[in-house]
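Hi everyone, thanks for coming along. Let's get the model up on the screen and walk through a few parts of it together.

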Amino acid sequence: MSLALGIVGLPNAGKSTLFNALTQAGAAVAPYPFTTIAPNLGQTAVPDDRLAAIAAVMHPERVVPAAVRFVDIAGLVRGASRGEGLGNRFLAHIREVDAVVHVVRCFAAGDVAHSEGTVDPVRDAGVVETELALADLEAVERAMERAAPRARAGERAAREQLAALEELATVVGRGEPLRRATLSEAARVQAAQLRLLTLKPVLYVANVDEAALPDGGPHAAALATLAQRDGAECLVLCARLEAELRELPEVDARAYLASLGVAEPGLPRLVRAGFALLDLVSFFTVLSREVRAWPVRRGTTAVDAAARIHTDMARGFVRAEVIPWDVLVAAGGLQAARERGLVRLEGRDYLVQDGDVITFRFAVSA
């Protein structure tokens, strides 16, 4: 499974700084627009205290957390949908991701240029959202042009497709992101096939100056209000500080954050929020040498979860032995849990629950 979060925003909003802090991938950072042109790719581990608890009773040689992929996409500018600032290329990169982390500048920093001249997070978020909507409208109109001749010729499928596209055009044309709209199933299918940008779930990040922590000040508050109207989450962090903290021992980093009134670094909060935004859950496998977390879409069946590990497991699936992670920990280990009858058997259509510890039984003939 390859699920990715795209980091978007205006130039010099702090996207690449945040990306580097998350992934330590070394993307170029500079105080001028379009430092990033080709998208940077990286991944980061998902913090999960359950892994340590399981490892404490299973004593594995290694612990492998789940991971989330991030894509650092070059800054969008006003007119991106018309190709300004290489916008068409950058918009195409956004189509390839599953969800969007929208980084919005909420700091002044006069030595760092702002593409709009002044700091106004609500306006800046609106610029990006408008460009995404205009790109969606253009994509829908092109699809309508292709479907119209067939619809006029009486092709039923084309008429149904055209009706769904007209529904999408109406929604996008009035400035409403598709993710917030109540769409017919046919329209939602068309939007997914076209990989429309405003259909993707969004997480807002208010990138603030260190001095504005922990609440972020009035700029972050304004962005949080906008995010709330969008039904989205808004995280407040200082990307530059997060990058610097990655260079410190964890105890020193947390002590410094505590002096600022911040309870937890922003990066773990962001990764967990991104994991939730992709609608992922984790199941665990426990072996004598390894405890591992596996991310899957919510609603994944046991046989598809087995395929996540190896196709042979799915092909020869017999059953899944399942126990919630906390029940396993309380029992003191997998063998003790089995002896107490705490492990249950599930079939191929069982829906994996967050925190399940699963042992797959399978048989593959030669």
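This is a predicted model: local features need pLDDT of at least 70, side-chain atom pairs count only at pLDDT 80 or more; totals for chains, interfaces and linings use all residues.

Residues are numbered from 1 along each chain as its sequence is written, and side-chain values use heavy atoms, with hydrogens and water left out.

Now to that helix. The bend in α4 is about 30° and sits at Arg-146, with a proline, Pro-149, following within four residues. A bend here is the angle between axes fitted to the seven residues ending at a position and the seven starting there. After α4 comes Gly-154, with a positive phi near 95°.

Arg-150 counts as partly exposed because its relative accessibility is 32%; buried means under 20% relative accessible area, exposed over 50%, and partly exposed in between, using a 1.4 Å probe and protein chains only. The C-alpha of Arg-150 is separated by 9.5 Å from that of Leu-162, 12 residues apart along the chain.

Let's turn to the strands. β1, residues 4–8, is mostly covered, with five of its five residues buried. In a regular strand the side chains alternate between the two faces of the sheet. In β1 both faces are covered: Ala-4, Gly-6 and Val-8 are buried on one side, and Leu-5 and Ile-7 on the other.

And what does β1 pair with? Two strands pair if DSSP finds at least two bridges between them. β1 runs parallel to β4, residues 67–72, and four bridges join them. β1 also pairs with β5 in the parallel sense, over four bridges. Gly-6 is a handy landmark: it stands opposite Val-71 in β4, and Gly-6 also stands opposite Val-100 in β5. Ala-4, for its part, faces Arg-69 in β4. β4 is joined to β2, residues 40–45, by six bridges, and these two run antiparallel. Asn-40 stands opposite Asp-72 there.

A search of the whole structure finds three cavities of 30 Å³ or more. A cavity is a set of points on a 1 Å grid over the protein atoms alone where a 1.4 Å probe fits but cannot get out, and lining residues have an atom within 4 Å of a point. Grid points are joined across faces, edges and corners, and a volume is the space filled by probe spheres set on the points. The largest cavity holds about 40 Å³. Its lining has 10 residues, and Leu-10, Val-103, Val-104, Arg-105 and Asp-124 lie nearest the centre. β5 (99–105) and α4 (121–152) are the elements that give two or more residues to that lining, with β5 supplying the largest share, four residues.

Note on methods
On a 1 Å grid over the protein atoms alone, a cavity is a set of points where a 1.4 Å probe fits but cannot get out, and a pocket is an open set with protein on both sides within 12 Å along at least five of seven lines; lining residues have an atom within 4 Å of a point.
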